[in-house]
Amino acid sequence: MTAITEEPYGSTPAPDHHRDHPADLLARFQQAVAATPDRSAVHDERGSLTFAELDRRTAQLGKALTVRGAAPGEHIGVSLPRGADLVVALLAVWRAGAAYVPLDPAYPTERLHAMVRDAGIRTLLTADDEQVWPEGVQTLSLTELPASPGRHPEPPVRTPAHAPAYVIYTSGSTGTPKGVETTRGGVAALMSGLEAAGMYAEEPRVVAWNASVSFDASVQQWARVCRGDTLVVLGEEERTDPARLCEVLDRHGVHDLDLTPSHWHLLRADLLVRAAEGRRLRLFMGGEPVPEPTWRELAAERAEGRLEALNLYGPTECTVDATATWIEGGSPHIGHPLPGVRAHVLDAALRPVADGEEGELHLAGAGVAAGYVGRPSLTATRFVADPFAADGSRMYRTGDKVRRRADKTLEYLGRIDRQVKIRGYRVELGEIEAALATHPGVTTAVVTLHSSPAAGEQLAAYLVAADGTGGSAAAAAPGPDALRDHLAGILPQYMLPTAYVTLDALPLTVNGKVDLAALPAPEQAADAAAQPEDDAARHHAPDGEVETLIADVWSEVLGRAHIRADDDFFALGGHSLIALRVVARLKKQLGIAMSAREVYRHPRLRDLAQHVETVRVGR
């Protein structure tokens, strides 16, 4: 058996000692500090830090962590809002030799506590003194630190390449999230590979950090400060408001922006205008497949010399990115493996398939993670011996179907299981189904990824009520609000279905499995349930100019025929990206500038209309 070539087709590079044994990122950070101590390292909404200031602050916090037991192999929780302090915390954890575990403050408490216990966290960095954590966890606030060290901070703890770097939790098919533990050597190999492939420019760049710290794409954004790049930490408002985001990009002269294809759809108008005006930007696109129209559009921009875009692919279990390519030419693909990555396209018996044939992608190299925290059986199942290597190393079974094209690039074809990607997040549908089944009013449930022309991709939940054996299950089922509230206490926001459909029974195939193709479209089921039939229903019809306008906008962007004044935006299938479209339409038609967060604060149509009226009066 032979392995698929891990280098770009047609190239035979000479051995590269730097690439084969890349320097630890903390060592590279120290070099950047020594080279340009007074250059800006981090910007956020409140100010900035130079490389020297960042060095001193990370040394200060790193020492405090060491005193509390941080060391190689130790997991340190980090639950902080976006900003320069978050960068300080992540670097300080690495400086102490430990691994960080991001704990998003927006996650449900139950989920956060489960992650803390699963990762064995004993020390946690936080800015919220009121948050309750499991017993035995000591918290440390960045405001409690002792005096800053002198002009020559202590060097980082020497840490071996096999030591853990971070643990990021991903959705679990059995209902429990699983923590992927990566290594310091894997992160160093990621940076080295992207540099060797020419994806990172040689000179220092200004980089916008867009992804959530709980999402592995964040690593190849924030960690770029270690190679001497300047980091611009986008605030929550800036990430979700296209106008504010573009203003920040212009103000700081950002060169590189990481985003998903879904996010590009919302930013494209502003970014294309800037590109036509000569404002060069390099887009690092990943998290979900690039649609063919988006690929063609970005390829045309690159051909005209206006905009550069990359397509990055890689599972969390292989340290963020495993393949990369410039978006140019014909149809979408995920390119070649990065230098140092070995890619095999195999059949079920781990035999290589011929070029052009479909197979499962297996990845090997320094980026392969150590495994799943506390789950040796699952680790052994997904991380298997690499039969093509003579060094006893492992490869990761991605579950992704691919084929190798004639030009040796890899084409993504989908999944072999029920894992989906939505707005860049990896979701196991089984975890949502398991959470739904814990509601006392639900006897069984199935969740699908549904796509509609208006609302795009959304999670749809289909369920049968627990007492549905006698009479109609649909009549006895808990309502969407009750189900959403129940799930919000268990799952993060991005995993909450946007549509809930109650059925008397789930349709089955002749083999007794759920017939997914026979499930009704969620918007059709919702419209049937929302048909105005009496005076009470007509009483809730939108009233007045603003309510009527918002109802029309919701109807358009959500693909719903009937909108009532007491409808909830999120109960109708709204999510963060659709909220941005609502805000853009209101600005266009009423001349009112609002943040998408106002939709979150006023999800009921009538409440949002009242808020809009207040804004209009106050202009």
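This is a predicted model: local features need pLDDT of at least 70, side-chain atom pairs count only at pLDDT 80 or more; totals for chains, interfaces and linings use all residues.
Residues are numbered from 1 along each chain as its sequence is written, and side-chain values use heavy atoms, with hydrogens and water left out.

The open sheet has 9 strands in the order β2-β1-β10-β9-β11-β12-β13-β14-β15, with mixed pairing; strands here are DSSP runs of E, at least two residues, and helices are runs of H or I, at least four, numbered from the N terminus, and two strands pair if DSSP finds at least two bridges between them. At the edges, pairing on one side only, are β2 (47–50) and β15 (336–337). β15 is joined to β14 (residues 323–326) by 2 bridges, antiparallel, with Thr323 partnered by Pro337.

Turning to β11, its parallel pairing with β9 (residues 206–209) rests on 2 bridges, where Val207 stands opposite Asp256. With β12 the pairing is also parallel, over 4 bridges, and Leu257 has Leu283 as its bridge partner. From β11 the chain crosses through α10 to β12 in a right-handed β-α-β crossover, meaning that, with the strands pointing away from the viewer, the path from the first strand over the helix to the second runs clockwise.

What covers the faces of β11, then? Asp256 and Asp258 on one side, and Leu257 and Leu259 on the other, are all buried, that is, under 20% relative accessible area with a 1.4 Å probe, protein chains only.

Technical notes
Buried means under 20% relative accessible area, exposed over 50%, partly exposed in between (1.4 Å probe, protein chains only).
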